[in-house]
Every structure is written in structure tokens, then in C-alpha cells.
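Okay, thanks for making time, everyone. Let me put the structure up and walk you through it.

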Amino acid sequence: MTTTPERPDVTADGTALVELDDVSKYYGNIRALEGVSLEVHAGEITCVLGDNGAGKSTLIKIIAGLHRHDAGAFRIEGEDVSLSNPREALDRGIATVYQDLAVVPLMPVWRNFFLGSEPTKGKGPFKRLDVDTMRATTRAELLRMGIDLRDVDQPIGTLSGGERQCVAIARAVYFGAKVLVLDEPTAALGVKQSGVVLKYVAAARDAGLGVVLITHNPHHAYLVGDRFVLLKRGAMTGSHLRSDITLDELTRQMAGGSELEELSHELQRAPAPGRPGGPSDPE
């Protein structure tokens, strides 16, 4: 029978759970990521912000073990590593929740919660899934994260997008993740559902996990973030602690403040004839 995973320990010496130091990734002559540094600490949320093409997906793939970095240092709890596959990342306590969530819509919530890690009971030809344990554990773990589902037997596809995200977060916490990487968890959600997801992101932080929140929304990031890393075209354009930056400044940097100012001058309507500042009407 599968034993209950241990909870992640909070590092007492302040060592980062995950640290990227001047990390770069190239695909031939194409620069996907260059000179990116970030730290992820237990009980903190590090937000990575950037528009499409900024390099967020490449960063996720490096942390999740899908791709190896080409330069710089990648450390897990102070140890230099070069992950070769996602299983190695999972074994080291790094769980990644992608936008598509990799759930089976028609399966019950409890089956999705334990998908690939199902506990069993009995031996030999009498070995079978421990359905009662899976149901009870799923219900208890969701409640522990503040998710009160009426019925864990309902297909997970009947849940809202926000609820499915929350189930994935609770699953990662239960299976002993130390670092939780969330890929745009609020991208396809409305305001209310986004708030629900951010609530459970904060619950994961409070459970002692280090969280990497990938987003293009500075307002969502600032609600929960402790550290902010800004990416643009594969390069890091800013790295800030929450105490060092305001929401307005974070939004301005995220939006490319200087570029927007320059664009606003270009888009200003030229004064029409007869208007103040416009050419005079011919006499």
C-alpha cells in the first residue's frame, strides 16, 4: 500500500530551493533565453512576468527538466544540477502545473488526483485499487487547502477552470512538492475564478512551498508575489523584491513604459485645419 508522502521542509538556513544564475538557452542560432537569474525560497512566491515570446515557456521547461540549460548555473537547494527529464525534477521536489493541466475530463476528481500514483491494497491476484483511501484522501486534502467539493466522484471536467487548477495545486502539495511551478494559471479565467486560484496559490505558499508563478498579468502577480522577474525577448529586464517596487511601476515596466511613451507620441492625432495648432484655412 502506498504511504502518505511527507510534507516539504522549510529550509532554515535561507538557501534557495531553486536558483538560476545567469542561465541561457539556445536553439541553434536562436536565443530563447539569455542571462536569466532568479531565486525561489520556501514560503515565497516568485513571479515571472512577460508577454508572448518573452521566454517564459523556455524557463519553465528548464526548471521542469524538459530542457537542459546551455550556460549559467541551475541549483536545487544549493546543489548544481542539469536535469535530464521531468521525472528527475519531480524526484527533487519540483512539480509543474501546465495550462492544460493534463487531466482526464471524464474521470472522477479522485482518480485525477492520484493519476499515475494510485495506492493499492491486497496482494497477488487480489491486488486492487484502494478506492476508499483515494476518495477520503482527495476530499481531506482539498479541504485542507480550503477547497470544499460537494462530490469527489464527479468528473473533473464538470469543474470550473479555477477549480481544476486548485485540484492540481492540492495534488502537488500532497505528493510532497517543495517547488510548485504554475504556468499562467489565471490566463483563461475571469476575475472571480482568477481570485479563487490566487487564493490557493497563496495557500501553497503558506504550506511552505516555494512557488514560481508565470504570468503576463502584473495585477495578479502583485497580489501574491514576493519577488518579480521581468522577461522580454528572452532577456531579463528587471528583478525586484516586493518592498522595492510599486504596482504602478511593475505595470509600467511590464508594459514597456518607455516604448509606450514613445508610441503615444507617434500615435497622437495631427491637428486638423482650423483647430488650435493646425494649419490655417486659406483666405
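Before I show the pocket, here's what I mean by the word: on a 1 Å grid over the protein atoms alone, a pocket is an open set of points where a 1.4 Å probe fits, with protein on both sides within 12 Å along at least five of seven lines, and lining residues have an atom within 4 Å of a point.

Quick housekeeping. This is a predicted model, where local features need pLDDT of at least 70 and side-chain atom pairs count only at pLDDT 80 or more, while totals for chains, interfaces and linings use all residues. Residues are numbered from 1 along each chain as its sequence is written, and side-chain values use heavy atoms, with hydrogens and water left out.

So, the overall picture: 9 helices and 12 strands, going by DSSP runs numbered from the N terminus (helices are H or I, at least four residues; strands are E, at least two). Of the 283 residues, 42% are buried, meaning under 20% relative accessible area with a 1.4 Å probe, protein chains only.

Now the pocket. The largest one has a volume of about 940 Å³, taken as the space filled by probe spheres set on the grid points, which are joined across faces, edges and corners. It has 34 lining residues, and Leu 90, Ala 95, Arg 171, Ala 172 and Phe 175 lie nearest its centre. Helix 2 (86-91), strand 6 (94-97), helix 3 (109-113) and helix 5 (161-174) each supply at least two lining residues.

Stay on helix 5. How does helix 5 pack against helix 6 (residues 191-206)? The angle is about 10 degrees and the axes are 9 Å apart, with axes fitted as lines to C-alpha atoms over the stretch in contact, and angles running from 0 to 180 degrees between N-to-C directions. That makes the two helices roughly parallel, the word for angles under 35 degrees.

With helix 4 (residues 131-144), the axes come within 9 Å but cross at roughly 105 degrees. Helix 4 and helix 5 are therefore roughly perpendicular, which covers 65 to 115 degrees. Thr 137 and Leu 142 of helix 4 and Ala 170 and Tyr 174 of helix 5 are among the residues in that contact.

Gln 165 counts as buried because its relative accessibility is 5%. Leaving out residues up to four places away in sequence, Gln 165 touches Val 97, Tyr 98, Gln 99, Leu 101, Pro 185 and Val 197.

Key: Parallel < 35°, antiparallel > 145°, perpendicular 65-115°, else oblique. Contact = heavy atoms within 4.5 Å. Buried < 20%, exposed > 50% of the residue type's maximum accessible area, 1.4 Å probe, protein only.
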